[in-house]
Amino acid sequence: MPVPLTDRLGLPAGTRAIILNADDFGMCRGANRAITGLLADGRLDSTTLMVPCAWAPDAAAFAASRTDLDIGVHLVLTSEWTAYRWRPLTGIRSSLVDADGYFPRTSLEVEQNAAEADVAAEIAAQLEAALAAGIDVTHLDNHMGSVYGLETGRDFLAQVLPLAAAHGLPFRLPRYGTGLEVDPAMQPLIDQAAAAADAAGVVIPDRSWTHPFGLDGEGTDAEETYEQVRDGFLDLLRAVPAGVTEIFLHPMVDDDELRATVDYAAPKRGHELRLLADPAVAEAIAAEGLVRIGWRDLRDLQRA
């Protein structure tokens, strides 16, 4: 068994550490407006940049100007929306595009069609672009879980982990499952992936949690309210066990632009922006004795 991550970080035994991370930085203007404000106010511990997206230059300029903040790269192999899409940095003459010349909409299509060499080249290009923009990259994670093999069992960790190791970057790969409770059927696969990360010298968190992507009953009279979303998130915080748990969200400004960009879940993105700024969240973190850390702490451990 590996030494507990909290021990390696020099934290007291039994520490319940969390990292509040915002995915999808650079995806659209609404994401940038939300995330930059939350980072500046100390409401987030980190974020990850979608380099191929149209609003990535705006996000990258902010990130390069704030090297005190934890900014990672959200490795992208999918482009899920109908009216707003993005292409690989490595060009469209590869196995990474659909018939329209964009990244495919689903992780299933990636697993079925992507060539390992194309994946390796593309994720390396995305990281190099972030570094070239002057970002002090602190970690890597993955958009829509397209490298994990969740659909067919065909993963691309053999392409991701060497990249992370070469640059001394930790990676979002939970050691103990992705939800509030471990799925016994998944844990052997998670164990295998975690062993690969350990062998590569890549630091991974103990857990990586989120909550439902959309609202229950979205668009109906029974649509989940903000208060219900908040209460569910507070329950999630109370359930955090000992160890290091990343909690990732997708805060965005819910306006006409966002609703024209995404096919669904715009209201939930707005709720998550409101949620992270809600004093009740800070109060729950304090009441539960949760310790907020950053991905930089994991990077420093890996590079040590």
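**Salt bridges, cavity and pocket**

Arg292 is partly exposed, at 33% relative accessibility (partly exposed lies between buried, under 20% relative accessible area, and exposed, over 50%; 1.4 Å probe, protein chains only). The model is predicted: local features require pLDDT of at least 70 and side-chain atom pairs pLDDT 80 or more, whereas totals for chains, interfaces and linings draw on all residues. Residues are numbered from 1 along each chain as its sequence is written, and side-chain values rest on heavy atoms, without hydrogens or water.

Arg292 has a salt-bridge partner. Its side chain meets that of Asp45, with N and O 2.8 Å apart (a salt bridge is a Lys or Arg side-chain nitrogen within 4 Å of an Asp or Glu carboxyl oxygen). Asp45 sits in the loop between α2 (29-40) and β2 (46-49), and Arg292 in strand β7 (residues 291-292), so the bridge ties together parts 247 residues apart in sequence (helices, H or I, have at least four residues and strands, E, at least two, as DSSP runs). Asp45 is buried, at 14% relative accessibility.

The structure contains 17 salt bridges. Another of them joins Arg172 to Asp23, at 2.7 Å from N to O. Arg172 belongs to the loop between α6 (157-166) and α7, and Asp23 to strand β1 (residues 16-25), so this pair ties parts 149 residues apart in sequence. Arg172 is buried, with a relative accessible area of 5%. Asp23 is buried too, with 3%.

A further bridge pairs Asp198 with Arg175, with the closest N and O atoms 2.9 Å apart. This pair links helix α7, which holds Asp198, to the loop between α6 and α7, which holds Arg175, across 23 residues. Asp198 is partly exposed at 35% relative accessibility, while Arg175 is buried at 11%. Shared partners join the salt bridges of Asp23, Asp141, Arg172 and Glu246 into one network.

Helix α7 (residues 187-200) also carries Leu189. Leu189 is exposed, with a relative accessible area of 51%. Its C-alpha atom is separated by 40 Å from that of Glu257, a residue 68 positions away along the chain.

One cavity reaches 30 Å³ or more (a set of 1 Å grid points where a 1.4 Å probe fits but cannot get out; lining residues have an atom within 4 Å of a point). The largest cavity holds about 40 Å³ of space. Its lining consists of Asp24, Met27, Trp81, Phe213, Met252, Val262, Tyr264, Ala265 and Arg269.

The second largest pocket holds about 200 Å³ (a pocket is an open set with protein on both sides within 12 Å along at least five of seven lines). Of its 19 lining residues, Val3, Pro4, Leu5, Tyr176 and Asp206 are the closest to its centre. Helix α1 (residues 5-8) supplies the largest share of that lining, 4 residues.

Definitions and conventions:
Points joined across faces, edges and corners; volume = space filled by probe spheres on them.
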